Amino acid sequence: MIRSASVTKVAGAVLALVLVGACGGTTKDSSAGTAAGGSTGVGRTADPDAPIKEGVKVAFLPKEVDNPYEIIMDKGGIEAVTELKGEGKEVGPSDASASSQVSYINTLVQQRQDAIVIAANDPNAVAPALKDAMAKGIAVVTVDSDAAPDARQVFVNQADSEEIGRSQIRLVSAQVGGRGKIAILSATPNATNQNTWIEFMKDELAKPEHAGLELVKVAYGDDDDQKSFQETQALLQSIPDLKGIVSPTTVGISAAARYLSSSPYKGKVALTGLGTPNQMRQFVKDGTVTAFALWDPSELGYLAGHAAAALASGRITGAEGEKFSAGRLGERTIGAKGEVILGPPTTFDAGNIDEFDF
Amino acid sequence: MREKVVRWEVVLLLLCGAVFAFGSSGTPGFADAGNIAFLLQDFAEVALLAMALLPIVLTGEIDLSVASILGFCSALIGVLWDAGVPFETIVPLALVAGAVLGSVNAALVVWFGLPALAVTIGTLGLYRGLAYGVLGDGAVTGFPENYRPFATDAIPGTFLPYTMIPVLLVGLLAALVVHHTPVGRSLYAIGLGEQTARFSGIRVHRVKFALFVVSGVLCAVASLIYTLRYNSARADNAAGMELIAVTAVLLGGVSIFGGRGTVLGVASALLLMAGLRNVLFLDDVTNEVQNVINGLLLIVSVLVPVAANTLRGRRRPRLG
């Protein structure tokens with residue numbers, strides 16, 4: 001239908017372009033940037049005695065607004081900002097795709113917020129917008145899931161990533177008796193926090209005391225309830241001798257528990273991971289789940305809220321060793337690469353779960 | 001057809017004016033060069049997809065696979081970049097990939113005579129699936145800093161982003177071809193009646209084939225902008241963007257039945273939607289509400305011309 005002569009011409013032109021490009025072009029290696037660690041707001045100095053900026057405006061940008069964990073976290077953050085007589089609010093996308101947070105970052109910049117607290121869906125996709133925000137004098141704090149280190153000033157981490165990853169393996173090992181095949185049900189494949197934990201889980205599995213455990217698959221439920229449910233079903237059906245599932249995401253573990261509780265695998269396949277007590281209570285009581293872990297997400301948000309207000313007021317700049325007051329959590333110190341750590345996770349089981357309500 | 005009381009493009013431009021006036025007066029942060037630049041930039045990819053769709057819809061066909069072609073090309077860009085292929089080589093390869101995917105649509109529609117709606121719903125899923133096939137669930141980043149500014153920065157001395165250059169070029173070219181050439185007139189003829197068009201000597205198959213190929217290439221251009229802008233190549237890039245592009249085309253006054261519509265109309269609709277989205281964001285209107293508004297806009301834009309015709313006591317637009 002299209003004359004072959006014109007096709008040949010176009011093909012020739014393209015080939016020529018490709019060849020031109022092939023001779024010494026810009027490649028991944030030639031342009032490999034020097035990723036600077038931890039942006040500390042160059043040119044700024046911290047004044048630990050500066051008063052908290054009056055009516056400081058802090059916006060919380062979660063991965064998605066339908067994620068219960070993120071909502072609890074941001075409520076904690078807004079509580080901290082309110083304590084400091086500032087204005088806190090939560091805005092965010094309804095899907096966890098890479099690009100959806102970028103429009104919100106621009107919006108918050110235009111609204112002249114003093115600080116943005118973000119849980120990044122994709123560390124790189126949000127980086128240019130966050131750098132732009134910092135260039136305009138807005139304090140940027142990442143919480144729960146980090147962005148590229150040079151695109152934020154402080155990262156408020158739940159617990160030491162290493163400790164989270166390793167403790168997940170210890171939990172599942174205890175539940176399956178130290179032997180057998182296990183699988184991981186993660187969130188999105190690019191979630192920074194998930195991938196860091198999974199790396200430490202793999203490292204822990206390499207230790208001799210876990211020689212009996214074999215990680216056979218990492219599945220991705222995309223932090224979507226239905227997809228996580230289906231992935232759990234697929235794991236159990238495709239790996240008949242699966243002994244345990246670790247799901248280090250609140251959406252994943254509750255979907256997996258719901259599938260397990262009404263399946264023949266209930267009580268036979270162990271499930272652990274990171275979940276909220278309110279989501280998991282019924283599954284602990286009906287015997288589907290023995291024990292799981294989490295830090296208190298509202299405390300995490302609370303800490304991030306204080307960090308954001310301190311940054312926006314010039315009390316800290318994000319440099320290692322700076323200290324700031326975090327309300328009821330006491331004084332906190334910024335560690336290497338601008339990280340502030342909340343503390344070790346709590347393990348929940350039938351014995352203590354009723355003491356928690358979040 | 002032309003003796004309407006008020007042209008739809010005028011209505012859209014007035015609505016644009018209203019949105020921008022409302023934004024400037026009632027929404028702090030709207031009337032700011034940086035924000036207007038972002039507003040334009042945020043719609044660059046949608047604008048390219050809409051310009052790809054416009055001539056296709058004029059002929060009474062549709063291409064719903066546009067965002068999936070964007071996604072596939074983005075995934076391909078990621079894989080090639082990760083493999084160490086020079087970016088200068090990746091650009092033409094991505095354009096070729098877009099043309100190939102467009103040709104598959106074209107072949108199915110033109111050679112096999114299948115309805116474009118069914119074909120491109122199929123390839124919407126197929127191309128997105130292939131995107132995951134080549135790149136998997138991962139993301140590729142670290143695109144070259146010497147090219148990224150073209151997708152992120154403003155032209156020096158102005159607030160206009162560089163991405164407005166391809167968008168405006170494509171828009172002007174579309175206006176020129178659609179409204180001032182025999183090929184453009186043949187699009188309307190095909191849309192108003194394919195049989196008649198064929199009997200009057202228009203090479204309907206050849207025109208349609210070319211439209212789908214051009215659509216694929218424009219999607220590839222959009223994928224380059226998208227990938228560089230977010231510095232992230234992923235298989236799920238721009239998922240769902242076809243609906244925004246289709247909304248812009250129909251809101252722009254292009255008849256879903258073919259044969260009616262202008263480039264100016266679609267351009268005004270794009271500007272209106274970009275402005276509205278930005279104002280709603282700044283006023284903290286949630287995403288869910290925005291989706292409802294987009295859905296309503298789509299329905300209204302299909303309904304208004306039909307209702308207007310009925311009011312004037314005319315018959316509904318003919319099908320095909």
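Helices here are DSSP runs of H or I with at least four residues, and strands are runs of E with at least two, both numbered from the N terminus. On this basis, chain A of the predicted model holds 10 helices and 14 strands.

Begin with the whole of chain A. Of its 358 residues, 52% are buried. Among contacts with a separation of 6 or more, 74% join residues 24 or more positions apart.

Next, select helix α9, residues 277-285 of chain A. Its buried residues are A:Q279, A:M280, A:F283 and A:V284. Viewed down the axis of α9(A), these residues fall within an arc of 120 degrees, and they therefore line one face of the helix. Then move past the helix to A:G287, which follows α9(A) and has a positive phi, near 85 degrees.

Two further stops concern backbone angles. Most residues other than glycine have a negative phi.

Select A:D223, in the loop between β7 (213-220) and α7 (225-238) of chain A. Although not a glycine, A:D223 has a positive phi, near 55 degrees. Is A:D223 buried or exposed? A:D223 counts as buried because it has 25 C-beta neighbours inside 10 Å, the cut-off being 20 or more.

Finally, go to A:K337, in the loop between β12 (331-333) and β13 (339-341) of chain A. A:K337 is likewise not a glycine, and its phi is positive, about 55 degrees. With 14 C-beta neighbours inside 10 Å, A:K337 counts as partly exposed.

How values were computed
Residues are numbered from 1 along each chain as its sequence is written. Chains are lettered from A and ligands numbered from 1 in the order in which they are written. This is a predicted model: local features need pLDDT of at least 70, side-chain atom pairs count only at pLDDT 80 or more; totals for chains, interfaces and linings use all residues. A residue is buried if 20 or more other C-beta atoms lie within 10 Å of its own, exposed if 12 or fewer, and partly exposed in between; C-beta atoms are placed from the backbone. The arc is that of the directions from the helix axis to the C-beta atoms. Two residues are in contact if their C-beta atoms, placed from the backbone, lie within 7 Å.
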